[in-house]
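The sequence and the structure come next.

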Amino acid sequence: MTTTIPMATEVQDDLSLLGLLQLVSPALPIGAFAFSQGLESAFELGWVSDEKSLAEWLAGVLDDGLTRCELPVIARLYEAFEKFDGESVAEWDGWLAASRETAELAAEDARLGAALERLLASLALLPQEHWLPRPAGYVTLFAYTAFTRGVSPRQAMLGFGWAWLENQLAVACKALPLGHTSAQRLIERLRPTLSSAVDEAFSLDDGELGPALPGVALASALHETQYSRLFRS
């Protein structure tokens with residue numbers, strides 16, 4: 001039996017992939033599981049009640065939200081990181097913060113960013129570059145961590161979308177009578193949509209960016225005062 005020694009590029013590709021898997025894992029201790037992004041209120045209001053309506057909700061959030069907000073900004077952050085352009089990094093980080101339409105959505109991005117920063121510090125991976133804003137939001141730190149691990153922009157965008165989808169389905173499994181098999185059916189249904197969303201995100205000009213999710217904003221605002229809830233506000 002002969003053993004093939006992997007090339008240096010293959011090893012680096014493996015490490016990049018494993019770094020991305022670590023970053024998008026539900027086991028990453030940053031508390032993403034604690035937030036529903038308004039989905040719990042959508043359940044309470046009866047807007048989402050079964051597998052079909054959940055699929056429509058998630059597809060809508062992906063199309064009018066992530067595709068026009070987080071995903072294209074990740075690509076722009078990569079360009080800024082490559083140029084050591086701290087002004088652009090800070091501008092896009094601020095743009096993301098300004099796009100959060102409720103206190104709950106703003107708090108989620110800030111708290112997850114702070115948690116990821118603490119985790120990176122504990123792993124001796126905290127970026128020291130002076131051009132990275134401190135504190136930075138979650139999306140900015142996610143993009144930076146993926147960038148430093150050699151993950152391509154496209155793979156980072158897919159990974160971010162995947163982490164969002166898994167978290168939303170975890171919310172549904174806890175708060176709806178939705179089984180894990182139904183969740184897997186939704187993943188199968190939405191995987192091509194997620195890939196297409198990344199393609200579209202790459203094609204958008206700056207003037208075309210901005211989420212258009214009035215239902216999510218209303219649900220998130222109502223969730224802040226929802227009497228009984230499982231997820232954090």
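## The cavities

Helices α1 and α6 each contribute at least two residues to the lining of the largest cavity, where helices (H or I, at least four residues) are DSSP runs numbered from the N terminus. A cavity, on a 1 Å grid over the protein atoms alone, is a set of points where a 1.4 Å probe fits but cannot get out, and its lining residues have an atom within 4 Å of a point. The model is a predicted one, in which local features need pLDDT of at least 70 and side-chain atom pairs count only at pLDDT 80 or more, whereas totals for chains, interfaces and linings use all residues. Residues are numbered from 1 along each chain as its sequence is written, and side-chain values use heavy atoms, with hydrogens and water left out.

The largest cavity holds about 50 Å³ of space, a volume being the space filled by probe spheres set on grid points that are joined across faces, edges and corners. Its lining consists of Gly-19, Gln-22, Leu-23, Leu-28, Leu-116, Leu-119, Leu-120, Leu-123, Leu-125, Thr-145 and Arg-149, which divide by class into 7 nonpolar, 3 polar and 1 charged residues. In this classification Ala, Val, Leu, Ile, Met, Phe, Trp, Tyr, Cys and Pro count as nonpolar, Asp, Glu, Lys and Arg as charged, and the others, Gly among them, as polar.

## The pockets

A pocket is an open set of grid points with protein on both sides within 12 Å along at least five of seven lines. Helices α1, α3 (51-64), α6 (103-122), α7 (138-148), α8 (153-175) and α10 (214-223) each give at least two residues to the lining of the largest pocket, and the largest share, 8 residues, comes from α8. By class, this lining has 23 nonpolar, 6 polar and 7 charged residues.

The second largest pocket, with a volume of about 170 Å³, is lined by Leu-17, Leu-20, Leu-21, Val-24, Gln-155, Leu-158, Gly-159, Trp-162, Arg-191, Leu-194 and Ser-195. At least two of its lining residues come from each of α1, α8 and α9 (180-203), and the classes here are 7 nonpolar, 3 polar and 1 charged.

Between the C-alpha atoms of Arg-191 and Leu-119, which are 72 residues apart along the chain, the separation is 29 Å.

Val-11, Leu-15, Leu-17, Leu-18 and Leu-21 make a nonpolar surface patch of about 460 Å². Patch residues have over 30% relative accessible area and no salt bridge, with nonpolar side chains (Val, Leu, Ile, Met, Phe, Trp, Tyr) joined within 5 Å and like charges within 9 Å; a salt bridge is a side-chain nitrogen of Lys or Arg within 4 Å of a carboxyl oxygen of Asp or Glu. Accessible areas come from the Shrake-Rupley method with a 1.4 Å probe.

Leu-17 is located in helix α1 (residues 8-24) and, at 48% relative accessibility, counts as partly exposed.

## Backbone exceptions

Most residues other than glycine have a negative phi, and most peptide bonds are trans. Arg-134 and Pro-135, however, are joined by a cis peptide bond with omega of about 0°, and Pro-135 is in the loop between α6 and α7.

That loop also contains Ala-124, which has a positive phi of about 60° although it is not a glycine, and which counts as exposed at 71% relative accessibility. Phe-84, in the loop between α4 (70-82) and α5 (86-98), likewise has a positive phi, near 55°, and is exposed with a relative accessible area of 58%.

Technical notes
Buried means under 20% relative accessible area, exposed over 50%, partly exposed in between (1.4 Å probe, protein chains only).
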